Amino acid sequence: QGSSGVVARTFSLAVAGVDYPNGLIVDENGDFYVASVGTDSVVKFNGRSGQPLLQFSGGGLNDPDGILLHESTPGVPTLLVASYSTNSVKQYNLDTGLWIRDFVLPDAGIPGSTLDGAASLAHAANGNLLVSSQNGDQVLEFDSITGEFVRVAAQGWGLDGPEGLLLMPDGGLLVASFYGGNVLRFAPDGSCREFIPAGSGG
């Protein structure tokens, strides 16, 4: 409520040791998760009080970026975290915060399309995992169960440093082109158009 609410939440971030907050998601209970680049961890907070509940770390997590709730086993939700500097995606137990495995192995992919600078995460229409390969200027798709490489989901059309990902209701994929300063829309058939031009918004 008002400024007091903002102060309380800012204080809780400091108490939890969050440094350089990056990725942010909210679960079905209203609790939220913040990727902390400076501490190589993700911290879960109570959605009402803003108090820290759990920390996710370990497994070589380095410079966490995108985070995503994901069921690689039906009915068992886990937390996926893009580990930017290790070019991988880590998987964590949602109840304990402990590392389970590298869901996407370091540098996964095929020659010319390996994960390089794992940034944002999203689910594809078929439930597979989409990962922004920021330094590779591609969005890669990985199997929802095994984490194995499936295909290049987006590339070209001026895509430069892909970051944020958003799946549209019609199956189209919006990709924030960080260095291009724009947002591109990739259609399911592979075609692309500029959705938000660089310099938009005033």
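## Sheet β15 to β18

Let's start with an open sheet of 4 strands, ordered β15-β16-β17-β18 and paired in the antiparallel sense. At its edges sit β15 (162-167) and β18 (192-196), and each of these pairs on one side only. From one strand to the next, the twist averages 30 degrees. Keep in mind while browsing that this is a predicted model.

Zooming in on one pairing here, β17 (residues 182-186) runs antiparallel to β18, and 4 bridges join the two.

## Sheet β5 to β8

There is also an open sheet whose 4 strands come in the order β5-β6-β7-β8, again with antiparallel pairing. The edge strands in this case are β5 (64-73) and β8 (99-104), each with pairing on one side only. Ignoring direction, neighbouring strands of the sheet are turned by 30 degrees against each other on average.

Inside this sheet, β6 (residues 76-83) and β7 (residues 88-93) pair over 6 bridges in the antiparallel sense. Take T78 as a handle on that pairing: its bridge partner in β7 is N93.

## Two loop residues with positive phi

Which residue has a positive phi of about 55 degrees although it is not a glycine? That's N87, and you'll find N87 in the loop between β6 and β7. Its relative accessibility is 15%, and because buried means under 20%, N87 counts as buried.

D107 does something along those lines, with a positive phi of about 60 degrees although it is not a glycine either. D107 belongs to the loop between β8 and β9 (109-110). Its relative accessible area is 44%, so D107 is partly exposed.

## Aromatic pairs

How many aromatic pairs does the count come to? The answer is 5. One of the pairs is F142 with F149, with 6.0 Å centre to centre and 75 degrees between the planes, which makes it edge-to-face. As for cover, F142 is at 0% relative accessibility and therefore counts as buried, while F149, at 22%, counts as partly exposed.

F178 and Y179 form an edge-to-face pair as well, because their ring centres are 4.9 Å apart and their planes stand at 90 degrees; over 60 degrees is what that label takes. Are these two residues buried or exposed? F178 is exposed, with a relative accessible area of 52%, and Y179 counts as exposed too, at 53% relative accessibility. The cut-off for exposed is over 50%. Elsewhere, Y33, F56 and Y92 form one aromatic cluster.

## Around S113

With a relative accessible area of 7%, S113 is buried. What does S113 touch, leaving out residues up to four places away in sequence? Its contacts are A108, Q138, L140, F149 and V152. One of those, F149, is the partly exposed ring at 22% relative accessibility that pairs edge-to-face with F142.

## The whole chain

Stepping back, the protein has 1 helix and 18 strands. Along its principal axes, the C-alpha trace spans about 45 × 45 × 30 Å.

Of the 202 residues, 43% count as buried; among them are F142, N87 and S113. If you look at contacts with a separation of 6 or more, residues 24 or more positions apart account for 36% of them. Finally, the accessible surface comes to about 9700 Å², with 54% of it belonging to carbon and sulfur atoms.

Key:
Residues numbered from 1 in each chain as written. Predicted model: local features only at pLDDT ≥ 70, side-chain atom pairs only at ≥ 80, totals over all residues. Heavy atoms only, no water. Phe/Tyr/Trp six-rings, centres within 6.5 Å; stacked < 30°, edge-to-face > 60°. Buried < 20%, exposed > 50% of the residue type's maximum accessible area, 1.4 Å probe, protein only. Pairing = 2+ DSSP bridges. Axes fitted to C-alpha atoms, helices over the stretch in contact; angles between N-to-C directions. Contact = heavy atoms within 4.5 Å. Areas by Shrake-Rupley, 256 points an atom, 1.4 Å probe, with all protein chains shown as cover.
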